[in-house]
Amino acid sequence: MEILIYPHEILKCKAEPVKNIDEKIQKIIKDMIKTMYEADGIGLAANQVGELIRLFVIDLREKDEEKIGQVALINPVITACEGEICENEGCLSVPGYQAQIKRYEKILVEGFNLDGNPVKIEAQGLLSRCLQHEIDHLDGFCFVDRLGPIKKALFKKRWQKRQSE
Ligand code: NI
């Protein structure tokens, strides 16, 4: 699958809920996991591969102290949140750029897994950040959309310059 690069229009669209977790959806998830590994990423939302459906994949095995493995979540909703934390973030759709982004410290996310079973994920640390980042994608937001006005202006200038090169 091809990963769309910011500011692609599809990255700005709100994704639609998945109605049936069927073979087609499972195939998309499988392909997304493969694409995420090939790009050496830790998370990938469906919008980023041009699918406007509410699902994402995450794998933090190498990066997280808690060794959280592969997660595929369908129709995710944040049902509780607590605290605030500002840390560095990046995105496969904005390659080569990182910035400090404010997120909830702890969250509870509910959704469905690949088999259609309901799941609840209580998250903090990198997993919490990653889940919020991917859910943002499904709502049509990239992490750079969360920058303050000055940093955002600087980013846009830098990004436009890079893209024209
Ligand atoms: Ni991203």
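Visitor: Is C142 buried or exposed?
Guide: Buried. This is a predicted model, and in it C142 has a relative accessible area of 1%. That is under the 20% cut-off, so C142 counts as buried.

Visitor: How many disulfides are there?
Guide: The count is 0. C142 is in no disulfide. Its nearest cysteine sulfur belongs to C91, 4.7 Å away. A disulfide needs the two sulfur atoms within 2.5 Å.

Visitor: And where is the nearest cysteine sulfur to C130?
Guide: At C91 again, 9.9 Å away. C130 is in no disulfide either. Its relative accessible area is 6%, so C130 is buried.

Visitor: C91 keeps coming up. Which protein donors does the nickel ion have?
Guide: C91 is one of them, through SG.

Visitor: What spacing do the donors follow along the chain?
Guide: C-x41-H-x3-H.

Visitor: Are they buried or exposed?
Guide: H133 is buried, and H137 is too.

Visitor: New topic. Where is S93?
Guide: In the loop between β4 (85–89) and β5 (99–103).

Visitor: Why does S93 count as buried?
Guide: Because its relative accessibility is 0%.

Visitor: What does its side chain make a polar contact with?
Guide: The side chain of Q48, at 3.0 Å. Leaving aside neighbours within four places in sequence, S93 is also in contact with others, including I3, Y6, L11 and W159.

Visitor: Now the greasy part. Which residues touch the most other members of the largest nonpolar core?
Guide: I25, I29, M32, L44, I53, L55 and V57. That core has 17 residues. α1 (23–38), β2 (55–59) and β3 (70–82) each supply at least two. The largest share, 6 residues, comes from α1.

Visitor: What is L55 in contact with, past its neighbours within four places in sequence?
Guide: Among them are I25, I29 and M32. L55 is also in contact with V18, A45, A46, L73, I74 and L138.

Visitor: What about a second core?
Guide: There is a separate one of 16 residues. It includes I58, I107, L127 and L131.

Visitor: Why would such side chains gather?
Guide: In soluble globular proteins, nonpolar side chains tend to be buried together.

Technical notes: Residues are numbered from 1 along each chain as its sequence is written. This is a predicted model: local features need pLDDT of at least 70, side-chain atom pairs count only at pLDDT 80 or more; totals for chains, interfaces and linings use all residues. Side-chain values use heavy atoms; hydrogens and water are left out. A nonpolar core is a set of buried Ala, Val, Leu, Ile, Met, Phe, Trp, Tyr and Cys residues joined through side-chain atoms within 4.5 Å. Buried means under 20% relative accessible area, exposed over 50%, partly exposed in between (1.4 Å probe, protein chains only). Helices (H or I, at least four residues) and strands (E, at least two) are DSSP runs, numbered from the N terminus. Contact means heavy atoms within 4.5 Å. A polar contact is a pair of N or O atoms within 3.5 Å; within protein, one must be able to donate a hydrogen and the other to accept it, and residues adjacent in sequence count only if both atoms are side-chain atoms. Donors are N, O and S atoms within 2.8 Å of the metal (3.2 Å for Na, K and Ca); water is not among the atoms, so sites may look incomplete.
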